[in-house]
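Here is a short note to read alongside the model. Please keep the viewer open and follow each point as you go.

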Amino acid sequence: MSKGRVLLGVVAAPHGVRGLVRIKSFTEDPMAVGTYGPLSDEAGDKEYRVEALSAARGTVLARIEGVADRAAAEALRGLRLYVGRSALPEAGEREWYEADLIGLPAVGRDGRDWGQVIAFHDFGAGPVMEVSGGAMLPFTDEAVPEIDVEGGKVVVDPPAGLLAKDETKEA
């Protein structure tokens, strides 16, 4: 994905027979997924105009312009919807877009290189930051005490017990 675009949602499934879809929205307000203008696919080749209708059970029921039946909606299952970064408001203090953190080096307070930030996940117990060194860190102020987008790094302080026993003997 280009640094100039941000993932706003993923088409999860069709809903009914009239072309409506359920979208897993990654916006702070799930209903805002369609308010930033046309969204594009991962390659940036095709645009989609999304109208959010309601939110329930972690998804947004939406209409996508030009999608009129269940078969067309089914064909969009798994479609990742992006918007240009410039369409989004600036992040406030102690706020950032996950897309701005992807690719930054993750450095321990002790100077250890944890690799690069490669993804964020939420499996239900809160957000987790995945780094290329193979670790999944809770995305909390304790485990990720400093984020310096301008300086180009994320400082991590993994919770005790995260490392395998043979890795902790280095100290």
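1. Strands β9 (residues 113-122) and β10 (residues 127-131) run antiparallel to each other, joined over five bridges. Strands here are DSSP runs of E with at least two residues, numbered from the N terminus, and two of them pair if DSSP finds at least two bridges between them.

2. Before going on, note that this is a predicted model: local features need pLDDT of at least 70, side-chain atom pairs count only at pLDDT 80 or more, and totals for chains, interfaces and linings use all residues. Residues are numbered from 1 along each chain as its sequence is written, and side-chain values use heavy atoms, without hydrogens and water.

3. Now zoom out to the open sheet of six strands, ordered β11-β10-β9-β8-β13-β12 with mixed pairing. Its edge strands, β11 (136-138) and β12 (146-148), each pair on one side only.

4. Next, look at arginine 22 in strand β2 (residues 20-25).

5. Finally, threonine 35 lies in the loop between β2 and β3 (39-40). Is threonine 35 buried or exposed? Threonine 35 is exposed (over 50%), with a relative accessible area of 56%. Its C-alpha is 7.9 Å from that of glutamate 51, 16 residues away in sequence.

Conventions:
Helices (H or I, at least four residues) and strands (E, at least two) are DSSP runs, numbered from the N terminus. Buried means under 20% relative accessible area, exposed over 50%, partly exposed in between (1.4 Å probe, protein chains only).
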